[in-house]
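Work through the following exercises with the sequence and the model side by side, and try each task before reading its solution.

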Amino acid sequence: MFYTYVLQSEKDGNFYIGFTSDLKQRFENHQKGLVESTKHRRPLKLIYDEACLDRNDAVRREKYFKTHLGRMFLKKRLKSYLTG
């Protein structure tokens with residue numbers, strides 16, 4: 001299994017979108033500052049994830065989430081979470 005995930009920075013509120021085969025370990029790496037793109041944006045919250053059957057599906061989903069339509073999907077999907 002692979003996972004596509006969305007993190008939110010508690011520091012600046014911005015999102016980080018990625019994919020991995022080990023969601024727990026990857027999140028721990030983000031939290032410890034071992035991921036260059038998020039180490040200055042900690043602390044982070046895992047706010048969304050999706051399981052995918054294979055790597056290609058996860059990569060496609062990650063790329064979609066990074067498009068305008070994908071961000072709109074996430075905003076709609078997470079509306080109640082983001083508005084409190």
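Predicted model: local features only at pLDDT ≥ 70, side-chain atom pairs only at ≥ 80, totals over all residues.

Residues are numbered from 1 along each chain as its sequence is written, and side-chain values use heavy atoms, with hydrogens and water left out.

**Exercise 1.** Determine the strand order of the open sheet and its edge strands.

Solution. Begin with the terms: strands are DSSP runs of E with at least two residues, helices are runs of H or I with at least four, and both are numbered from the N terminus; two strands pair if DSSP finds at least two bridges between them. Strand 1 (residues 2–9) is joined to strand 2 by six antiparallel bridges, and strand 1 pairs with strand 3 over eight bridges, again in the antiparallel sense. The order of the three strands is therefore 2-1-3. Strand 2 (15–20) and strand 3 (44–52) are the edge strands, each pairing on one side only.

**Exercise 2.** Find the residues of strand 2 and strand 3 that stand opposite Thr4, Tyr5 and Val6.

Solution. In strand 2, Phe19 lies opposite Thr4 and Gly18 lies opposite Tyr5. On the strand 3 side, Val6 has Tyr48 as its opposite residue. The hairpin of strand 1 and strand 2 has five residues between the strands, and in this hairpin Gly13 adopts a positive phi near 80 degrees.

**Exercise 3.** Describe how helix 2 packs on the sheet.

Solution. Helix 2 (residues 55–65) touches strand 1, strand 2 and strand 3, where contact means heavy atoms within 4.5 Å. Its direction makes about 170 degrees with that of strand 2, the angles running from 0 to 180 degrees between N-to-C directions of axes fitted to C-alpha atoms, for helices over the stretch in contact.

**Exercise 4.** Identify the residues of the largest nonpolar core.

Solution. A nonpolar core is a set of buried Ala, Val, Leu, Ile, Met, Phe, Trp, Tyr and Cys residues joined through side-chain atoms within 4.5 Å, and buried means under 20% relative accessible area with a 1.4 Å probe, protein chains only. The largest core has seven residues, namely Val6, Ile17, Ile47, Tyr48, Phe65, Leu74 and Leu78. Another core, of five residues, lies apart from it and includes Leu7, Tyr16, Leu23 and Leu44.

Terms used. Buried < 20%, exposed > 50% of the residue type's maximum accessible area, 1.4 Å probe, protein only.
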